[in-house]
2 protein chains.
Amino acid sequence: MTADKSIKERLGLVQVYTGNGKGKTTAALGLSLRALGSGLSVGMIQFMKPERDSGEYVISKRLENFTLMPCGLSHLVDPENIKQNDIAAAREALSIAKEMLYSGRYDLFIMDEINVAMGWKLIDADEVIRILNERPANVEVVLTGRYAPDEIMGYADLVTEMRMIKHPYDKGIGSRKGIES
Amino acid sequence: MTADKSIKERLGLVQVYTGNGKGKTTAALGLSLRALGSGLSVGMIQFMKPERDSGEYVISKRLENFTLMPCGLSHLVDPENIKQNDIAAAREALSIAKEMLYSGRYDLFIMDEINVAMGWKLIDADEVIRILNERPANVEVVLTGRYAPDEIMGYADLVTEMRMIKHPYDKGIGSRKGIES
């Protein structure tokens, strides 16, 4: 295969959205919307988010060429007390992610909250890198979530940190349906 | 009107996405997708972005309850050489924004790249704040773009800075259709 520039430019990158601020998952959703508008096909797997009533899940059902796969157990993972079934659920999600990524069906593939799963050692960053290395070359990949491990920050082509500068939690405002979830 | 908690919690906030990293406009688009999925209605005005072939514009036409209004002139604004018609175009966009915001048609209203327009003094931050102050109380507002002025950072309820940690420009990769635009 020749490394001609027009092909090289179409090779998919690995993007990371991490940090303690808002906008990581939503930036990935926005990329999805833009990609769909340009006729691309989008797959998204959510680690540790089993909910099928989120705004993004509901609308994914209405959008052609957008597959969203929520994965995980119904309880929140406690990083101070990781259970065997948390690890099993994350490993299963990674196995589904690999299958989706290798299917050739997606131009853009998002692994939502996978950084947290790696940061909390539910899955191994080196294994994720091996999986990404073997993917179809044109697939753009987005990894979201806090705690992206150093190996992933080093491996990614593009890293953005979302930094919380000001947050309204201190005004007593909780998560609002349709905005935060 | 009683300030009962359930009503108070539904009052719209002002969110700012700023900084030099990726994901500001896309986070706003992702919020839109999520809000639409939850049955909310979304309006978005784009300052200094007249393009009607962007991924987000194309898909907005296919989504019910999502109005996207690109505004601005066909040339890029040069911050070192601001033209009178750049100022006129930004002021016109602000006037359209105000009309949309006050229409009562939107639960979520996004002013895309307005921070840049304020940062470059095309429009006045204090005027934007006066407009936001008078809006219907339930409208969640998102202001995106680099260079958010201090008055806006102080006024907003929630501010996230997108920081570029690593970017592939140095690999010679330019803007890619469907991903960046």
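Predicted model: local features only at pLDDT ≥ 70, side-chain atom pairs only at ≥ 80, totals over all residues.
Q: What makes strand β1 of chain B and β5(B) a pair?
A: Pairing requires at least two bridges, and β1 (residues 14-18) of chain B and β5(B) have 4 bridges, in the parallel sense. In this region B:Tyr17 stands opposite B:Thr144.

Q: What makes strand β4 of chain B and β5(B) a pair?
A: The criterion is at least two bridges; β4 (residues 108-112) of chain B and β5(B) have 4 bridges, also in the parallel sense. The bridge partner of B:Ile110 in β5(B) is B:Val142.

Q: Why is the contact of A:Lys49 and A:Asp112 called a salt bridge?
A: The cut-off is within 4 Å between a side-chain nitrogen of Lys or Arg and a carboxyl oxygen of Asp or Glu. The N to O value for A:Lys49 and A:Asp112 is 2.7 Å, so the pair meets the definition. This pair links distant parts of the chain, with A:Lys49 in the loop between β2 and α3 of chain A and A:Asp112 in strand β4 of chain A, 63 residues apart.

Q: Why do A:Lys49 and A:Asp112 count as buried?
A: Buried means under 20% relative accessible area. A:Lys49 is at 17% and A:Asp112 at 0%, so both are buried.

Q: What makes A:Glu127 and A:Arg91 a salt bridge?
A: Their N to O value is 3.5 Å, and the cut-off is within 4 Å. A:Glu127 lies in helix α6 and A:Arg91 in helix α4 of chain A, so the pair ties together parts that are 36 residues apart in sequence.

Q: Why is A:Glu127 called partly exposed?
A: Its relative accessibility is 21%, whereas buried means under 20% and exposed over 50%. A:Glu127 therefore counts as partly exposed.

Q: How do you know that B:Lys49 and B:Glu113 meet in a salt bridge?
A: The side chains of B:Lys49 and B:Glu113 meet at 3.3 Å, N to O, against a cut-off of within 4 Å. The pair ties together parts that are 64 residues apart in sequence.

Conventions
Residues numbered from 1 in each chain as written. Chains lettered and ligands numbered in written order. Heavy atoms only, no water. Helix = DSSP H or I, 4+ residues; strand = E, 2+ residues; numbered from the N terminus. Buried < 20%, exposed > 50% of the residue type's maximum accessible area, 1.4 Å probe, protein only.
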